[in-house]
Amino acid sequence: MADAAVALRVNPRTLRRLEQGEVKPNYNLVKSACELYGFAPETTGRILEMVDQADEDEWHEKYRQDIAPWLVQLLDLEAVADRILIFGSLIPGVLQTPAYTEAVGAKNPHHSNDPQYARRLAEIRVRRARNVFDRQAVQVSVILDEAGLLRQVGGPNVMAQQLDHLRTLAKRRNVTVRVLPLDAGASAATKGEFTLLEFDDDKEPDLAYMETYAAGQYSVKEQVLDDLRQRYASLLTQAVLIKEYER
């Protein structure tokens, strides 16, 4: 560490904080480090692309007080994933309309004294959705529990708009939205919502994300990924395309 810091003309503490993810990577410093460590040009190029991505991901910095610390990684990764598979008991954040999000945000007890919180949350969801759905290369597959569509979040008008939004998204060639009907009975989703992020690059491990009130849990373990993929495949056999859904 000390030798690298001298060669790169930085303080060892700066290098240590960079390696631990405590500071934003500096393009020139990272480039110099790649050269110092003898990385191949293609590896250096990939790393520098990630540095550029880190600059782009700064959009959520101004919402730091509104975003749970464990959610930041998901926001960054879903913006670059090649495939996203989502099972939601309620409408997942990335699929919500601003009105739906504001209705949800208004019920957050931790922000009851902040009248602007719901509006900021809606802004976050809009930007998050744009980062995902504006990319033509990504494939998004969503299964929604019908209970999430029947719960009147924000009232009938808000829910009607939300359902229209889901059907509009489902018309895109790279997006599939399905509904798990209540009359389908028991299902493989016995433990709640989950998201799978998959990457074509072998150097980017696939990842599972699950959330509780206390924290978000990430896993790259094959056993966990295989289990959730099997559960998702089972849910697909019971779900119907949203264009066929009527209630």
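Let us begin with the open sheet, in which seven strands are arranged in the order S6-S5-S4-S1-S2-S3-S7 with mixed pairing. At its edges stand strand S6 (216–219) and strand S7 (240–241), each with a single partner strand, so one side of each has no neighbour in the sheet. Strands here are DSSP runs of E with at least two residues, helices are runs of H or I with at least four, and both are numbered from the N terminus; two strands count as paired if DSSP finds at least two bridges between them.

Before going further, please keep in mind that this is a predicted model, in which local features need pLDDT of at least 70 and side-chain atom pairs count only at pLDDT 80 or more, while totals for chains, interfaces and linings use all residues. Residues are numbered from 1 along each chain as its sequence is written, and side-chain values use heavy atoms, with hydrogens and water left out.

Within the sheet, strand S1 (residues 83–88) pairs with strand S4 (residues 194–198) in the antiparallel sense, over five bridges, and Ile84 stands opposite Leu197 in S4.

Now to the rings: how many aromatic pairs does a search of the whole structure find? There are four, where rings of Phe, Tyr and Trp (its six-membered ring) pair if their centres lie within 6.5 Å, and planes under 30 degrees apart count as stacked, over 60 as edge-to-face and the rest as tilted. One of them joins Phe87 and Phe194, whose ring centres are 6.0 Å apart with planes at 35°, so this pair is tilted. The two residues belong to distant parts of the chain, Phe87 to strand S1 and Phe194 to strand S4, 107 residues apart.

Are these side chains buried or exposed? Phe87 is buried at 2% relative accessibility, and Phe194 is buried as well, at 4%, where buried means under 20% relative accessible area, exposed over 50%, and partly exposed in between, with a 1.4 Å probe and protein chains only.

Phe194 also pairs with Tyr232, and here the centres are 6.3 Å apart and the planes stand at 75°, so the pair is edge-to-face.
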